Amino acid sequence: MSDTEVSSENRGQWSSRWGFILAAAGGAVGLGNIWKFPYITGENGGGYFVLMYLIFILLIGLPIMVAEVLVGRTAQKSPVGAFRSLSKKGSPWILSGWLGVLTGFIILSYYSVVAGWAMHYTWFSITQGFTGMEADAIGKAFGTLYADTSTNVFWHLIFMLLTIGVILGGIQRGVERAARILMPVLLLMLLVLLGLAISSDGFGRALDFVFKPDFSKVTGAGVLEALGHSFFTLSLGMGAMITYGSYLKKKEDLVAASGMITILDTVIALVACMVLFPITFSFGLEPAAGPGLVFVNLPIAFSQLAGGVFWSTLFFALLVLAALTSAISLLEVVVSTFIDEFKMSRPVATLLCGGAIALFGLPSALSGSEDSFFGNGFKDHSAFLFDAETGKNWFDTFDHLASNWLLPIGGLLIALFVSWRVSDRAREEGFKNGSRFMRWYWHWLITLRYVVPIGVLSVILHKIGLI
Ligand code: PHE
């Protein structure tokens, strides 16, 4: 399909199934895979956490991915409009559409700050490089960046401008073109780094750490985190995949496409771990280093490597690219909702929503500073949200809220909506249209109806101490 050809509602469409898969996978693969997954795996003790995450991806994530793409494609609308058109006018279900918009808004606001760190590191790699720096100095450099409010604000705003720029280009030209170029580059870069990691002496220990479950490490908080992350990493529970699905043609096999996106995303997350942990163990570093894991342990490795400047530039540029395609999909949810609901033009909606998110992200950019109200100060105000004496800073509070609570709740709602509320005919048609996986229809439906709600609710109820 050409750039100018559009569907009945003047929405753009993906030029092919692969255009859709690459764009959606580009949205799914991001900081979640490369920054967050390794660091929370490290914090939660490795193997057991990874196993939980894989189970959640397969039993909960994949069925919900199919459900979201199906809703988007059937309704040909962004989340709020999709919920409205598949239920009755004035039905409370549209609130779950708005919940998704709110979640996307919150996630992008702090996501952009981490993307900013990656931009700063790319810039640092190009202009100075880590070569010859002591491990201590590299650790301190991240601490300094983390606390440096003006640098964080600067890069956060630059990254938001970049994201806004891509969205202004429109769905077809902007998102698809970006994803088509960036996805294969990203994969290639990771594989090169993996080759490097395989030949390091920490590889065996890393394999054990990531793939050998240690059941003494199980905690309720860890299970909730694995569940929340399976939503976060697949971009589920907030309408991103509904929005992407709305640009997918009716005759495409959405089950196969969802499977492809899930596999790509999961493989990349595991590869990221297998790049990071061998290096961590080879250099005797700490796997549970927290959000700084990628930003401290890798540069330490790069500093001692021949061609370290090249490797670190490559890696952090890759991280920025991955973050950008995800940020695009987060902003697209909010913007396309404003276009559809308030009849705004794309430029106005993009500038308005992007600007508001950039503003809302400022406290996250200030969160690393000890003296800022949003840093240490906020911990006193958020303690009640966590069952601990101290709370978290603004950034961590909103990350926790959005990924561990809002996304699973949003995902639960979409599963209930599709399996109980959407008409049998629309659901069955949506699933089977062009699909090679027709005979899985009942398995999928039963999973959505019972397995997903029971799974998500029991993790949540367990976490709040009710079961
Ligand atoms: N999946 C993205 C990542 O892993 C983050 C994201 C979450 C994007 C939700 C869109 C919606 O980085």
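1. Cys 273 is buried, at a relative accessible area of 0%; buried denotes under 20%, exposed over 50% and partly exposed the range in between, with a 1.4 Å probe and protein chains only. Cys 353 is likewise buried, at 3% relative accessibility. The structure contains zero disulfides, a disulfide being a pair of cysteine sulfur atoms within 2.5 Å.

2. The model is predicted: local features require pLDDT of at least 70, side-chain atom pairs count only at pLDDT 80 or more, and totals for chains, interfaces and linings use all residues. Residues are numbered from 1 along each chain as its sequence is written, and side-chain values use heavy atoms, leaving out hydrogens and water.

3. The axes of helix H5 (residues 94-127) and helix H6 (residues 135-147) come within 11 Å and cross at roughly 130 degrees. This angle makes H5 oblique to H6; under 35 degrees would count as roughly parallel, over 145 as roughly antiparallel, and 65 to 115 as roughly perpendicular, with the rest oblique.

4. At this contact, Trp 117, His 120 and Tyr 121 of H5 meet Ala 141, Phe 142, Leu 145 and Tyr 146 of H6, where contact means heavy atoms within 4.5 Å. By class, the residues in the contact of H5 with H6 are six nonpolar, one polar and no charged.

5. Met 189 lies in helix H8 (residues 171-198) and is buried, at 14% relative accessibility. Leaving aside residues up to four places away in sequence, Met 189 touches Leu 314 and Leu 318. Met 189 and Ala 317 are 128 residues apart in sequence, with a C-alpha to C-alpha distance of 9.8 Å.

Conventions: Axes are lines fitted to C-alpha atoms, for helices over the stretch in contact, and angles run from 0 to 180 degrees between N-to-C directions. Helices (H or I, at least four residues) and strands (E, at least two) are DSSP runs, numbered from the N terminus. Ala, Val, Leu, Ile, Met, Phe, Trp, Tyr, Cys and Pro count as nonpolar, Asp, Glu, Lys and Arg as charged, and the others, Gly among them, as polar.
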